[in-house]
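Reader: I would like to go through this model term by term. Please set each value against its definition.

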Number of protein chains: 2
Amino acid sequence: MARLDDDRRLLEMPGHLIRRLHQISFALFLDQAKAFGVTPVQYAALVAIGSHPGIDQTALCSIIAFDRTTIGGVVGRLEKKKLIKRLNGAHDRRTKSLSITPAGRTLIRRIEPAVQSTQRLILAPLKASERNTFMQMLWHLVHLNNAHSRAPVRERERKRRTS
Amino acid sequence: MARLDDDRRLLEMPGHLIRRLHQISFALFLDQAKAFGVTPVQYAALVAIGSHPGIDQTALCSIIAFDRTTIGGVVGRLEKKKLIKRLNGAHDRRTKSLSITPAGRTLIRRIEPAVQSTQRLILAPLKASERNTFMQMLWHLVHLNNAHSRAPVRERERKRRTS
DNA sequence: TGCAATTCATCAGTACACTGACGATTATCG
DNA sequence: CGATAATCGTCAGTGTACTGATGAATTGCA
């Protein structure tokens, strides 16, 4: 059957399988964390804001590899849920200064088990010995392909404050 | 630095890395195939329609693991580009019967090198010996987690035409 | 045969991702 | 200093993904 071969060729392409795994991973997170009403993306932003108080949106993007345009909506939703605060930048009035609220910190603490079980479920089909291998390869693929996404992770800015 | 540890914990989570790899893979496809004006999703749909003439939208979804709601827009865009035709189903008037056009077949043939180079680029950071291992694990993760996405691949319908 | 359950495509609503563009602001350098 | 370049957040537009709902059509079964 030519059509079955064609299907297989398509369905076994890295790009196709990666898309599917992303969908699965996203769905597992929503399911495990449904009591908390945040998405994986919102969770990542919240954690990063929590560990970088006063960060601006573009710097946040460079840490978690979000698109600069997308982040606006994400932090807007976090703000609406009162998990973060967004103030105008003090030094640079182009920026918005992001900081986590006590409610945000509480959510991070409470959601932790759900986050952990999500990661466990994603890798559950692999044998224990394979999981490390897979994660190393995944990390490798992401980091060496970093430059290919619009939102590459950038190294700590070399503040040319050579004073 | 607590904040750097926090960042690492987040940035090395399977879910986070999978999201990023998906973004990278998508961007690589668009870049390699930019002369053809189709997305990875549209390409997958086109190939599947090409090998299953007259298929309806829901059956198409079950092959390539799309969401039933999403496919409407995708095939609409393919139709607008005259790569497929969408007719009302003959036997079942609820369905739309999808078929590829000559232009669609031509595009599939011409885009092939770009598709191949995309898949090569995605896996390029791995050593040749690792690529098979990674693909096997990826396949395993997707198939054994299949039920967790909204759009699971379904086996050939058991047309209870036990006749 | 007739009605309830199911299925197909689609809709409205929400969220993420990216392109290209913009005004406002800040940085750089002649 | 002052003009130019770069950066920040945002906007409009497009595309993918999913929830929950609906009307139309088909199926299953009493």
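Author: A residue is near a molecule or strand if its C-beta atom, placed from the backbone, lies within 6 Å of it. This is a predicted model, in which local features need pLDDT of at least 70, side-chain atom pairs count only at pLDDT 80 or more, and totals for chains, interfaces and linings use all residues. Residues are numbered from 1 along each chain as its sequence is written, while chains are lettered from A and ligands numbered from 1 in the order in which they are written.

Reader: Which residues are the closest to DNA strand D, and how many surround it?

Author: DNA strand D is surrounded by 29 residues, and the closest are Asp56(A), Gln57(A), Thr58(A), Thr39(B) and Asp67(B). Two or more residues each come from α2 (14-32), α4 and α5 of chain A and from α3 (40-51) and α5 of chain B. The most, five residues, come from α5(B). Helices here are DSSP runs of H or I with at least four residues, strands are runs of E with at least two, and both are numbered from the N terminus.

Reader: What makes a residue of the surface near DNA strand D nonpolar, polar or charged?

Author: Ala, Val, Leu, Ile, Met, Phe, Trp, Tyr, Cys and Pro count as nonpolar, Asp, Glu, Lys and Arg as charged, and the others, Gly among them, as polar. On that basis the surface near DNA strand D has five nonpolar, 12 polar and 12 charged residues.

Reader: How many residues of chain A are in contact with chain B?

Author: Two residues are in contact if their C-beta atoms, placed from the backbone, lie within 7 Å. By this test 50 residues of chain A are in contact with 50 residues of chain B. Helix α2(A) gives the most to the side of chain A that touches chain B, 15 residues. That side has 29 nonpolar, 13 polar and eight charged residues.

Reader: Why is α4(A) called roughly perpendicular to α5(A)?

Author: Angles under 35 degrees count as roughly parallel, over 145 as roughly antiparallel, 65 to 115 as roughly perpendicular and the rest as oblique. Helices α4(A) and α5(A) pack at about 105°, with their axes 10 Å apart, so α4(A) is roughly perpendicular to α5(A). The axes are lines fitted to C-alpha atoms, for helices over the stretch in contact, and the angles run from 0 to 180 degrees between N-to-C directions. In this packing Gln57(A), Thr58(A), Leu60(A) and Cys61(A) of α4(A) meet Arg68(A), Ile71(A), Gly72(A) and Val75(A) of α5(A).

Reader: Ala65(A) lies in the loop between α4 and α5 of chain A. Is Ala65(A) buried or exposed?

Author: A residue is buried if 20 or more other C-beta atoms lie within 10 Å of its own, exposed if 12 or fewer, and partly exposed in between, with C-beta atoms placed from the backbone. Ala65(A) has 22 C-beta neighbours inside 10 Å and therefore counts as buried. Its phi is positive, about 60°, although Ala65(A) is not a glycine. Most residues other than glycine have a negative phi.

Reader: What makes Lys82(B) exposed or buried?

Author: Lys82(B) has 11 other C-beta atoms within 10 Å, so Lys82(B) is exposed. Lys82(B) lies in the loop between α5 and β1 (84-88) of chain B, and its phi is also positive, near 60°.
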